[in-house]
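Dear colleague,

I am passing on the structure below for your own work.

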Amino acid sequence: MAAIEPLAPAELVEVLMGRRAVPLPPHPIPIPLPLLGGSRFVIWKQDPSVGELGRRLALIPSLVVNGPRDPRIDTNLAGTTPVTRSATGDFIFPADTPEADCAHTFAVVRETLTLYERLRGGSAMPWAWNIGGNADPVTAYPRAGVTPNAYYSRNQKALKFFYFTPPGASQVYTCRSLDIVAHETGHAVLDGLKPGWLGMGNPPQTGALHEAFGDLTAIFLALSQLDQVEAFVAITKANLHAKNYLSALAEQFGAALGRSAGLRNADNDLKLSQVSNEVHELSQVFTGAIYDILADIYAHERIQQGKVKDPAQILLEVAQKLCRLLLEAITKAPATGATFADVATAMLTISKAQGDPPAYRTFIHTRFAVREIVVPPVPLTASAIGQMDYGDPHLVLGADEVKVQAADPNHPSLSAKVPQDRSGCCGTMQLPEYSRAPEKLQAELQRLGKEGEVIPEEELLAGAVAELRKAFK
Ligand SMILES: [Zn+2]
């Protein structure tokens with residue numbers, strides 16, 4: 001039998017672009033055709049200014065029609081969409097083209113939604129307007145206009161990504177940043193779960209949970225991708241506190257705005273007493289606490305499993321587990337006015353109920369306490385923290401309590417009477433649509449749910465849409 005030579009990179013590109021036929025070996029055994037092959041996309045792994053990582057192929061393992069579009073996500077760019085898929089069903093285009101921006105944006109929104117749907121056992125995650133049988137998708141606008149901004153709008157059922165030219169630099173397309181697209185999609189996912197959290201009538205901490213969820217979504221999306229996890233472990237030598245591309249979110253966007261450490265820095269040490277009551281500053285305290293918990297659980301599991309698993313595999317699994325715990329805790333938290341301590345209590349309660357090692361709860365409780373969010377389990381002297389034995393699954397400081405209290409119940413970030421200052425947040429948090437009276441929320445969701453929609457290529461997606469209408473009662 002003739003051996004098949006591996007393809008050189010240039011040939012591979014030609015094959016992927018559909019210009020060259022793939023040489024196939026003879027198959028002595030018939031191979032069953034897959035029912036649904038999915039589509040290939042080329043995505044920016046991090047945003048284009050981060051040196052170590054470039055573009056790569058990604059498989060979206062579900063039906064995507066021209067647009068790109070599927071039952072949950074549509075793409076809109078005047079003069080470009082619908083982008084036509086290749087004969088093999090793929091969306092592969094040269095960098096720096098409007099088609100590539102459409103493909104990248106769709107793929108990252110899809111990957112973010114899939115991340116959370118997998119954590120919920122595969123069930124569809126509704127957008128906020130998917131009530132009463134409504135199955136309208138969210139529409140992503142990769143080049144929505146010129147301004148340094150990006151946002152999720154419930155009223156427009158849209159994710160909008162803008163572009164701009166910083167002084168003395170070349171044009172920045174926010175849609176090319178995996179972090180920014182994931183962050184805004186995180187707002188949309190959370191709004192579907194908790195439509196009462198975006199309103200301005202909530203305490204500042206509720207707004208901060210929204211902003212933190214966006215940043216954490218970007219981190220967890222990166223940590224759900226095999227190649228990124230392996231690169232991350234190699235670059236940082238498996239030290240989650242090493243300065244790296246992951247904890248400096250939105251690199252290019254941040255650099256363009258003149259913030260050297262990136263727009264948002266998850267690996268921070270900020271405590272509640274060290275930030276103002278501005279919502280983005282508050283969000284960094286929560287994001288930082290979750291990032292520290294991730295680092296602690298990872299350190300613990302590396303000791304537990306280091307001899308039987310690759311460090312990258314351990315990180316992938318730890319991140320998935322923590323992301324699921326956070327998602328379930330947020331689902332369990334109050335429908336309005338939720339605080340950091342509410343989410344901490346829910347995380348501890350779920351962790352105990354699902355039988356995690358007590359050490360997990362020690363990490364969770366301690367990290368929220370160090371940030372001055374909740375009352376500590378024991379006085380947090382340097383020795384109490386420094387003497388923690390990361391390898392001990394039964395590590396408990398004080399008692400294994402699941403109900404934790406706010407360290408300062410009178411903190412201004414907990415008061416719904418204090419107006420939310422969202423001046424440091426992304427575009428979503430600045431939209432006037434979220435400052436309407438909270439009692440109008442239900443009526444607004446009903447109205448959005450009743451709006452109809454014309455679906456192109458309807459027959460291809462009809463089955464999936466009918467199922468969604470049944471699921472979104
Ligand atoms: Zn945001």
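**Salt bridges and a helix pair**

Asp400 counts as partly exposed, at 23% relative accessibility (buried means under 20% relative accessible area, exposed over 50%, and partly exposed in between, with a 1.4 Å probe and protein chains only). Please bear in mind that this is a predicted model, in which local features need pLDDT of at least 70 and side-chain atom pairs count only at pLDDT 80 or more, while totals for chains, interfaces and linings use all residues. Residues are numbered from 1 along each chain as its sequence is written, and side-chain values use heavy atoms, with hydrogens and water left out.

The side chain of Asp400 meets that of Lys352 in a salt bridge, at 3.8 Å from N to O (the term stands for a side-chain nitrogen of Lys or Arg within 4 Å of a carboxyl oxygen of Asp or Glu). Because Asp400 lies in the loop between helix 11 (382–386) and helix 12 (427–430) and Lys352 in helix 9 (residues 340–353), the pair ties together parts that are 48 residues apart in sequence; helices (H or I, at least four residues) and strands (E, at least two) are DSSP runs, numbered from the N terminus. Lys352 is also partly exposed, with a relative accessible area of 41%.

A search of the whole structure finds 20 salt bridges, and Arg176 takes part in one with Asp96, where the closest N and O atoms are 3.1 Å apart. Asp96 is in the loop between strand 3 (73–75) and helix 2 (98–119), and Arg176 in the loop between strand 8 (172–173) and helix 3 (178–193), so this pair joins parts that are 80 residues apart in sequence. Arg176 forms another salt bridge with Asp101, at 2.8 Å between the closest N and O atoms, and here the partner sits in helix 2, 75 residues apart from Arg176. Arg176 is buried at 8% relative accessible area, as is Asp101 at 1%, whereas Asp96 counts as exposed at 57%. Elsewhere, Asp70, Arg72, Arg110 and Glu117 are linked in a network of salt bridges.

As for the helices, helix 4 (residues 204–222) and helix 7 (residues 279–305) pack at an angle of about 45°, with their axes 7 Å apart; axes are lines fitted to C-alpha atoms, for helices over the stretch in contact (heavy atoms within 4.5 Å), and angles run from 0 to 180 degrees between N-to-C directions. Among the residues making the contact are Leu209 and Leu216 of helix 4 and Phe286 and Ile290 of helix 7.

Best wishes
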